[in-house]
Amino acid sequence: MKQPILEIKDLAVSFDTYAGEVQAVRGVSFSLSPGETLAIVGESGCGKSVSMQTIMGLLPSPPSRIKSGQILYEGTDLTAKTDKEMESYRGKEFSMVFQDSMTSLNPTMRVGRQICEGIIKHQHVSRAEAKEIAIDMLRKVGLPNPEQCYRRYPHTMSGGMRQRVMIAMALCCHPKILFADEPTTALDVTMQAQILDLMNDLKNTTGTAIILVTHDLGVVAQMADRISVMYAGKIVESGTADQIFYNPRHPYTWGLLGSMPSVAQSSNNAKSELMSIPGSPPDLFAPPKGCAFAARCPYAMTACQKMDADTFTADDGHTVRCWLMDSRAPAVAPPVGRASVRGKEENA
Amino acid sequence: MNENLSAAAQLTAQDFVSIPEESRKTDAIVRPSVSYWADVLRRIRQDKVAMCSLVIIGIMVILAIFAPIFSPYDYETNNLQAINLPPSAEHWFGTDQLGRDLWTRVWIGARVSLLIGLGGAIAPQIVGIFLGGISGYFGGWVDMLIMRIIDVGVCIPQLVYITLMMLVLGSGPMAIIVTIAVVGWMGAARFVRGRVLQFKNREFILAAKAQGASPMRQIFRYILPNILGQQVVSITAAIPGAIFTEAYLSFIGLGIKSPMTSWGQLAQTGSSLYRLYPYQLFIPGVLISVTILAFYLFGNSLRDALDPHLRD
Amino acid sequence: MTQSAKPVVSAAQEQTPLIQVEHLKKYFTAGKKQILKAVDDVSFSIARGETLGLVGESGCGKTTVGRTVLRLYEPDGGTIRFDGEDISHLKGSDWKQMTRRMQMVFQDPYASLNPFFTVGEIIEEGLLIHKLFPNKAERRERVLELLELVGLSKEHANRFPHEFSGGQRQRVGIARALALDPNFLICDEAISALDVSIQAQVVNMLMRFQRDMDLTYLFITHDLSMVRHIADHTAVMYLGKMVEYGITSELYSHPAHPYTVGLLSAVPVPDPEYCRTHQPAHLQGEVPSPINPKPGCRFCERCPRATARCRQEEPAFTEVSPGHYAACHNL
C-alpha cells in the first residue's frame, strides 16, 4: 500500500452552544492514498461535512473546537497550523467543491477573475498567463465557449455550469486532494450524470485524490474506490466499494442500502415495503452512552446499550464498529448484499 | 484484531441477547423545549449592550415619571429672583432665563419627548401594517392604488408636510405624532408589503390555504406573527428618529411651545445663551443623545435576537 | 394537431377516475410581455386508490401542476374534476368543503410548518378551520391519534417545529394533511429533502396509509427510482408539457420518448460493478428557459433523434402500446 497523503487520527470536533456542547464528530480516523477516491457516506447531521471543513480549516472557532486528534497531511499535523498558514494549503495542496455553487462564488466578480485569483496567488504567474490557464481549465471542464464564459458573472449561468466553474476553480492549481461536499445534490439527474462523468474523467487524467462527501449511494457507486460510512459522529463501517456494497456488515449500512429503491427493479416487487430505519438519528447534544445506532437497530443487544462497540476487522481493509461482529453475538444473516443488488442488467 | 480488548472483556454472554423492539425510543427529543419568545428573551439577557441600553431607558422613564412629582418646583412658574442660576444643591440642573427649575423642566420635557418618541414610532407602523398588509396580501388593483399613492407621497419633501401639518394642527405632542405618522406610514407600508409578499408563498401559508383557511385567518394567525418580530425592531429603530424629529421641530420653533417643554425646546432655549450658560444647552443635549443612542443600540440587539437564522 | 389527447384509463378502471385533469394551463408573466408557460395543456386522470407519479427536472412545471390542481394557483385554462364534478370554478364555502377531500404534503420540511405554532397546534389547525370536533378534549384526542399514526407521541405535541429533525417534521406535515381525512393527497417532492433512510420510512408510511385509508396520490418528484417503487402510472414532464404517460413498469422497461430514455439512464445505480461495466451515454445540454418557447417540440435542442420536423411541428400524444402514450414524432 502506498504512503497515505492524508491521515486523520481520532478527530473529535465539538460545537459550544448556549445549551451545552454538541459533539459533532466523535473520534474519526481514516486515511487517503494518492489518486484514490474515498467516499464518506452518511445522513445529514452525522458529522461528515464538519469533518471535512475541519480538515480544510474552514470552521470558525469558536463555536467549533477540535477536542482531540491529528490531521496529518504528508506527515505534517494541520491542527497545529494557524489560519494564515492554512491559507497557503487551501487551493494549492487541497481544494474544494461545495454543494451550493451560487453562494460559493462571488456574485460581483466575473468568473474568470475568480479563477485567476487562485492561480496568481499560488502559481506566481502574470495575469495574462493566469488567464490562459483559466480558459484552458474552463475548456477542460466541458464548458462550451470558454473565452465567453471567462467574462460572465455567476448569476448568468445555470447551476450545472456554475458547478463546472467550481470544479475548474478547484483544479486549476493541481491540488493533491479535492474535497467534494455533496457536489451534485443541488443538481437535476441529467446534470448530475454529466458532472459525475466529468469528475471521473478529471480524476483519471489528473490523478487527484478525491474525498467525496455525500448521502447518495448511487453517486458513491459511480465514484468511490473506498467508502467510510458515518453515523452520529463516528465511522461505523469502512472498506472498499465492493466490500461495502456486496458484503456490508453493519446494520446501519444494511439499512442505507436497503432503503434505496432501484430504477431497475422488476415490476413484481414494486409496491412492497422498502427496508427502512425507524426513528431519527440521535441528537449529538446528548449522544447515547452505548452504540449510537442501538435505538434504531433491529438487532440491538444489551451490550449495545452498555458500551460502544469495538472496531472489528471483517476482511482485509474492511472494518466494522458493531458488537454483532463479536464471536459471542448471535449470527445474523444480512438482509442486503450480493444477491439483493443484482439484476440491474435488465436496465441496460 | 480488536483495538480495545478491555471493553469487549467487560461484557458477558448475557449482554449478547437481542433486546425487544418495544423498549426502544427512536424519536425522543433530548433538548429542553424552548419557545421562540423564551429564546429571544434569553439572547437579550445575554447581550450586555442590550441590557445597558435597557437600564438607561428604564432610568429615563422612571425619572420622567417621578422626578417632577417629587420636585419642590413647578415647571411653568417663573421666578425672576433666580434666573440663570448654575447647577447647585437647590437647583440640581440650575434655572433658565425665567428662573424656572431646570431639573423639573428637563423631566417634564422627557415625558413629552419619550411620549412623542414612542407614539411617533408606533403610529406610522400601525397604519403601515394595515395598509401594507392589505396591499401585499390581496395584490391587484388595491395594491396598485396604495403603491401609487405612496410613490407620489414620498416625492414631496418631508419638510413641506411637516410645516403644513404643524400649521394646520398647531403645536403640541399630538400634532407632532400625527405629523410623524403622516410622513412615516409610507415607508412602513412598503416594508410590510415586502414582508407579506415574502411570506405569502411560504409553504406553511400555502398549507393553511390548502386547508381552507380564510384570508383573514391567514393574515392574522400566520403572516402577522411572523412579521411582528421585525415590526418590533422597526418600532424600536424608529423611536430615536421620532425623538430627534421632535427635537428638531422644537429647535426650529415649529414644535412644542413654552411654557410646555420638551428636550428639543429646552435645547432651543438654551442655545441662545449657551456661551454664558452652557449647561442650559448641554444638559438636554446630552439627554437627547444618550436616549437616542440607547434606543438605537437596543434596537440593534433586538434585531439580532429575533433573527431566526441565529437560532442554535 | 398540437392538442394532447387525454390518456384513457385502462379497461379495469371503467368507473369515473377520482381526479381528471384536462388541458390544464397555468401561465405566469415574467417581465414585459414575457410569458412563462409553466403548465401548458396537461391532461391526466387518477383512478381511486391509485398513485400517479409525476416526474421531471426542476422547472418542468410539475410543482405548478400540483398547486394548480389544489387551486393554490388559479388555473388559466382547462378543467379539474374531482369525482366527476368540475371543481375548477368552485368558490367560497363550496371550495372550503372541497379542501377537506384534497390535501397536500409539501416539499420543504423546514418552510412548511409555521414556526410560531406547536406541532399539536399545527395538526389541530385544519380541525379548527372546518369546525370539526368542537369539543376541545375530543379535538385533542384526535390530534394525539394523528401524531401516533405517524409514529410520534404525545410528548411531541407541545414542541415547536424547529426542535424536530427533517424526517419528523415531514411526518408532522403528513399528519396535518391527514387530519381532515382526505381522499386525495398531493405529495409535492415530499421526500426530496430527506435522507435516504428517512425517505424509505416516509414512503412506507405513505403506502401503508394508502392501503388502510383508500387514499389516491399524485406523487410529484424528480426521484425516478422512488416513483418506480410507489406509482401505478407515471407521467413525465418536460418544460410544461407532458411527454410520456403509461403504466409504471411498462414505461420504465420500454421508455418511448427520448427524454424519458435519457432521464432513466442518468439515474445513478447503487452498484459499483454495474457502474464499471456500463457507460451509458448521458443527455447533453441543459433545460432551456421556459419563457417564450420556440415552436416545435420543446425537447428538440437536446434530443439525439431530432429531425427538421421536430423543429417546426409540435408532436401530439400518440399511443405507443395500449395505455402507453408519448409525444414524439420519431416513435
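These legends describe close-up views of a predicted model. Local features need pLDDT of at least 70, and side-chain atom pairs count only at pLDDT 80 or more, while totals for chains, interfaces and linings use all residues. Residues are numbered from 1 along each chain as its sequence is written, and chains are lettered from A and ligands numbered from 1 in the order in which they are written.

**View 1. Chain C as a whole.**
Chain C has 11 helices and 12 strands. Helices (H or I, at least four residues) and strands (E, at least two) are DSSP runs, numbered from the N terminus. The C-alpha atoms of chain C fill a box of roughly 70 × 50 × 45 Å along the principal axes. Of the 331 residues of chain C, 54% count as buried. Buried means that 20 or more other C-beta atoms lie within 10 Å of the residue's own; with 12 or fewer it is exposed, and in between it is partly exposed; C-beta atoms are placed from the backbone.

**View 2. An open sheet in chain C.**
Four strands of chain C line up in the order 2-1-4-5, with antiparallel pairing. Two strands pair if DSSP finds at least two bridges between them. Strand 2 (35–46) and strand 5 (85–86) of chain C are the edges, and each pairs on one side only. Two bridges join strand 4 (residues 77–82) of chain C to strand 5 of chain C. Look for C:Arg81, whose bridge partner in strand 5 is C:Asp86.

**View 3. Where chain C touches chain A.**
The contact takes 41 residues from chain C and 45 residues from chain A. Two residues are in contact if their C-beta atoms, placed from the backbone, lie within 7 Å. Which helix of chain C supplies the largest share of its side? Helix 6 of chain C does, with eight residues. The side of chain C divides into 19 nonpolar, 17 polar and five charged residues. Here Ala, Val, Leu, Ile, Met, Phe, Trp, Tyr, Cys and Pro count as nonpolar, Asp, Glu, Lys and Arg as charged, and the others, Gly among them, as polar.

**View 4. The largest nonpolar core.**
This core holds 277 residues, and A:Ala168, A:Ile211 and C:Phe219 touch the most other members. Helix 4 (residues 102–138) of chain B gives the most to the core, with 14 residues. A nonpolar core is a set of buried Ala, Val, Leu, Ile, Met, Phe, Trp, Tyr and Cys residues joined through C-beta atoms within 7 Å. Leaving out residues up to four places away in sequence, A:Ile211 touches A:Leu32, A:Leu38, A:Ile40, A:Met52, A:Ile177 and A:Phe179.

**View 5. Strand 1 of chain A and its partners.**
Eight antiparallel bridges join strand 1 (residues 6–17) of chain A to strand 4 (residues 64–73) of chain A. There, A:Ala12 stands opposite A:Ser68. 10 bridges join strand 1 of chain A to strand 2 (residues 20–32) of chain A, also antiparallel. A hairpin links these strands through two residues.

**View 6. Two domains of chain A.**
Chain A is divided into domain 1 (6–224) and domain 2 (234–347), with bounds from an automatic or database domain assignment. Their centres, taken over C-alpha atoms, are 28 Å apart. 15 residues of domain 1 are in contact with 12 residues of domain 2. Strand 2 of chain A gives the most to the domain 1 side, with eight residues.
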